[in-house]
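Me: I would like to learn how to read a fold from its strands and its core. Could we work through one example?

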Amino acid sequence: MKRRAFLRAAVPTAAVGLAGCIGGSAETDYDVGMGAVVYRPTELRVEPGATVTWLNTSKQGHSVTAYEDGLPADADYFASGGYDSESAARESWGNSSGGTLFEGQTYEHTFEEPGEYPYFCIPHESSGMVGSVVVSDGTETADGGATVGTATAEE
Ligand SMILES: [Cu+2]
């Protein structure tokens with residue numbers, strides 16, 4: 001566990017450890033939180049059509065910025081700030097910190113195409129603040145991971 005990160009962030013709210021289970025406030029209903037230089041969880045698995053909500057649960061400003069070259073072929077580009085390319089997102093951040101999510105702010109994206117969607121935080125990329133959303137309907141066979149239809153072949 002990343003206890004050190006919790007201490008360093010000094011989160012004053014009671015939300016830590018109760019993610020998503022607190023009623024009454026939309027701001028506690030999220031899928032991916034953010035620490036000082038980390039997304040939590042780092043990898044999120046969802047089904048096609050799912051809308052993922054990121055919430056900046058830290059004091060630092062962060063971004064959610066997709067790695068354009070890493071997306072599935074038919075996927076839409078996504079980035080906080082609404083940019084349509086990674087270069088546009090990076091440029092805007094460099095010029096005016098465009099796309100920043102401040103403490104308590106959310107970003108949402110809906111994932112339609114199966115596959116892996118790697119993303120990063122522009123100011124903390126060099127500190128390893130990267131994550132991914134894996135969209136899977138559980139029936140793919142490309143990697144030999146699924147064994148549907150062959151379950152009785154072995155004894
Ligand atoms: Cu960050």
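The dialogue below goes from the overall layout to one strand and then to the core.

Me: How many helices and strands does the protein chain have, and in what order do they run?

Reply: This is a predicted model. The protein chain has two helices and eight strands. Read from the N terminus, the order is α-β-β-β-β-β-α-β-β-β.

Me: What share of the contacts with a separation of 6 or more is between residues 24 or more positions apart?

Reply: Such pairs make up 56% of those contacts in the protein chain. As for burial, 25% of the 155 residues count as buried.

Me: Which strands pair with β8, and in what sense?

Reply: β7 and β8 run antiparallel and are joined by six bridges; within this pairing, Phe120 has Val130 as its bridge partner. Strand β3 (residues 43–46) pairs with β8 in the parallel sense, over four bridges. There, Arg45 is bridged to Val134.

Me: Which residues of β8 are on its covered face, and which on its uncovered one?

Reply: In a regular strand, side chains alternate between the two faces of the sheet. In β8, the covered face holds Gly131, Val133 and Val135, while Val130, Ser132 and Val134 form the uncovered face.

Me: Where does the largest nonpolar core draw its residues from?

Reply: That core has 25 residues, and Trp54, Val64, Ala79 and Tyr117 have the most contacts inside it. Elements giving two or more residues are β4 (50–55), α2 (86–96), β6 (106–111), β7 (115–120) and β8 (130–135). The largest share, three residues, comes from β7.

Me: What is Ala79 in contact with, leaving aside neighbours within four places in sequence?

Reply: Ala79 is in contact with Val64, Thr65, Ala66, Ala89 and Gly99.

Technical notes
Residues are numbered from 1 along each chain as its sequence is written. This is a predicted model: local features need pLDDT of at least 70, side-chain atom pairs count only at pLDDT 80 or more; totals for chains, interfaces and linings use all residues. A nonpolar core is a set of buried Ala, Val, Leu, Ile, Met, Phe, Trp, Tyr and Cys residues joined through C-beta atoms within 7 Å. A residue is buried if 20 or more other C-beta atoms lie within 10 Å of its own, exposed if 12 or fewer, and partly exposed in between; C-beta atoms are placed from the backbone. Two residues are in contact if their C-beta atoms, placed from the backbone, lie within 7 Å. Two strands pair if DSSP finds at least two bridges between them.
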